Amino acid sequence: MTTLAGQRLTATIDDLINTSAPAGAHALAETLRLRHGDSVAAVLFYGSNFRRGDDREGLLDLYVLVDDCRAALGRRLPALACRLLPPNVYYIEMPHQDRTVRCKYAVLDRASFCRGMHAAQSYFWGRFGQPSGLLYARDTKVRSEVSAALAQAVLTLLGRAVPLLAPRTDEATWWAVALGACYAAELRPERQDAVTALVRDIAPWRTALTPIAAPLLAGVTPLTDGYGIDLRPAARRRGRLAWTARRMLGKTLNAARLVKAAFTFVGGADYLLWKVERHSGVRIETTPFLRRHPLLGIWGIAWRLWRRGGFR
């Protein structure tokens, strides 16, 4: 970003991601560096465990950015899948101090990560417009690249929500609309109150970044008590139409990623049902058939979950 405000946004994010993380997260990051070798350029920690600073409950969410998928994954087919539809998702657990720490981690190359921050689908910028922490960066060049990508994620997240906003809005409403639209653009089990809780939890992040990002976005005027939104009706219609297309694209790609994860994520079916129950309250037991043949069994389970409101 070449403007002064853009550089300030990147610098602020660079400071925010330099936050403390639980020891279990650092131990997992080090293990992943050893597992995937010198191609590992950075490891990011995000999600609910990051926000709580907790490594004891649930699965930690890590992102491993690599120079080259083939070098990091070792085999041609997983590397090809990672390039065609990033990221590849894996599971790892390991003993740490007096307990076992577990994580779900995604692998993708640095170029795909940066492109994802202004892609049509919201998968990457919907996640990394939110708070994250940098557990490892190989050098200052990689760190700068990650900070710039996260700054772009914030701009894309907030900018693409502008057509959905009322002529006057406040910061919390802006983020709630943006994150709610991203949730609706994927197959997600969370209820609307999850967005409300998320917006509350990320208050330090959005409070630090929104005033810097807003002047960089077309149609937005910072006011003393919020933000003014001035878009032509045609621009609003185009923006809302883009979200309709984004929902169709996002849900389709989500389904494809779930199929891909069946080949990479050991215990993926158990994790998926646990997550749906955690967020929606809809409980369905994993069957031996589903564990042995997740690609065949997942469709009947998905239908039952959808009918019972397990995801939207």
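Of the 312 residues of the chain, 49% count as buried (under 20% relative accessible area, with exposed over 50% and partly exposed in between; 1.4 Å probe, protein chains only). The model is predicted: local features need pLDDT of at least 70, side-chain atom pairs count only at pLDDT 80 or more, and totals for chains, interfaces and linings use all residues. Residues are numbered from 1 along each chain as its sequence is written, and side-chain values use heavy atoms, with hydrogens and water left out.

The chain has 15 helices and eight strands (DSSP runs numbered from the N terminus: H or I of at least four residues for helices, E of at least two for strands). Contacts are heavy atoms within 4.5 Å. Among those between residues at least 6 apart in sequence, 72% join residues at least 24 apart.

The largest nonpolar core holds 81 residues (buried Ala, Val, Leu, Ile, Met, Phe, Trp, Tyr and Cys joined through side-chain atoms within 4.5 Å). Its largest share, eleven residues, comes from helix α8 (residues 140–161). Phe128 is among the residues with the most contacts inside the core. Beyond four places in sequence, Phe128 touches Leu44, Tyr46, Tyr63, Phe113, Met117, Leu150, Ala153 and Trp205.

The chain exposes about 14900 Å², and carbon and sulfur atoms supply 56% of that area (Shrake-Rupley method, 1.4 Å probe; for residues, only the protein chains shown count as cover). Leu77, Leu80 and Leu84 form a nonpolar surface patch with about 340 Å² of accessible area together. Leu80 lies in helix α5 (residues 76–84). Leu80 is partly exposed, at 38% relative accessible area. Patch residues have over 30% relative accessible area and no salt bridge; nonpolar side chains (Val, Leu, Ile, Met, Phe, Trp, Tyr) are joined within 5 Å, like charges within 9 Å. A salt bridge places a side-chain nitrogen of Lys or Arg within 4 Å of a carboxyl oxygen of Asp or Glu.
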